[in-house]
Amino acid sequence: TVSSEIEFEHGGFVGGGGEGEIKLEYAVMDYRFREGFQFRGGLILSPLGAFNLRHDTPLNDLTERPLVDRQLIPSTLSESGMGVFGTLYPNEDLVLGYEAYLVNGFDEGVLSGDDGAKRLRIRSGRGSQEQDNNRNKALVARLGASPRPGLNLGASVHTGKYDDAGLKRLTIAALDGQAAFGALEVLGELAFAAADVDRTAEPDLAESQRGAYGQINWHVLHDRLLPGSVVTLVARADALDYDTDVDGDQASALTLGVNFRPTEESVFKLDYAWSRTTARGAGDSVEAPGRLFFSVATYF
């Protein structure tokens, strides 16, 4: 089978400049030998954490993505590569799913900074979807388990050389979980990143980062407003540490929201977010002005 997705980012392509673009999100060819062993090749949606696999705006209950999935796991992370995936049924209760691919991986943009000083900023290092910057392929893999309906757990890893010479390695590991208890849903993700860096010229360069988010969704008013509709009350806490070896260089956020889904694939969202940052070496955090979001999303 062949499948693909095209996105219109920020209004689509803007001929006179601006941020708009038409983007190929993924495009793959799958070949099924059996359900437990299938081949996939092309522009792959990397299975690094659960959020990157379900990043589509209509699927999510808040407008803005979690901090950890904007910076440490830079969704949307799509990479050229190939590998295998499948679903296994060890017993009548347990369902296992796996994905494992060789991909181009990240590039030297991992170390970047607006003021000339290098910083570990993984989002800036998303690699080319055409040619790799070195001769070493990265491995990205995820194992998911569902021991009962409504409970999903996952562990994933992305590891590979990111510099042009193919000497320095970046590894990102993540754990994710999602559990439903009637109308209540709890989900979250924890990620850790470690990079080989040269501190000779940049002694303050971070070698490791970590981040996490936890979210609670409460689905109410089923079918009350319209047939098939639902209202969801949402609360999410975010935390991100850009350098685990020093005090500060951290960010956190709290988001509360409510959304209305007239159908499962269409949603109106209203959110309010508070955020705080702590400068490198600082003990006190600084609160940013609160932000109000309103958005709509659907598939077409």
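## Aromatic pairs

Tyr-272 is partly exposed at 31% relative accessibility, and Trp-274, at 33%, is also partly exposed (buried is under 20% relative accessible area, exposed over 50%, and partly exposed in between, with a 1.4 Å probe and protein chains only). This is a predicted model, where local features need pLDDT of at least 70, side-chain atom pairs count only at pLDDT 80 or more, and totals for chains, interfaces and linings use all residues. Residues are numbered from 1 along each chain as its sequence is written, and side-chain values use heavy atoms, leaving out hydrogens and water.

The structure holds 4 aromatic pairs. The ring centres of Tyr-272 and Trp-274 are 4.8 Å apart and the planes stand at 65°, so this pair is edge-to-face (rings of Phe, Tyr and Trp, its six-membered ring, pair if their centres lie within 6.5 Å; planes over 60 degrees apart count as edge-to-face, under 30 as stacked and the rest as tilted).

## Charges over rings

Arg-40 sits over the face of Phe-85, 4.1 Å from the ring centre, and Arg-121 over that of Tyr-242, at 4.0 Å (NZ of Lys or CZ of Arg within 6 Å of the ring centre and within 35 degrees of the ring normal).

Asp-223 has a positive phi of about 65° without being a glycine, and Asp-223 is exposed at 52% relative accessible area. For Asp-249, phi is near 55°, again positive in a non-glycine residue, but Asp-249 is buried at 16%.

The peptide bond from Ser-75 to Thr-76 is cis, with omega near 5°.
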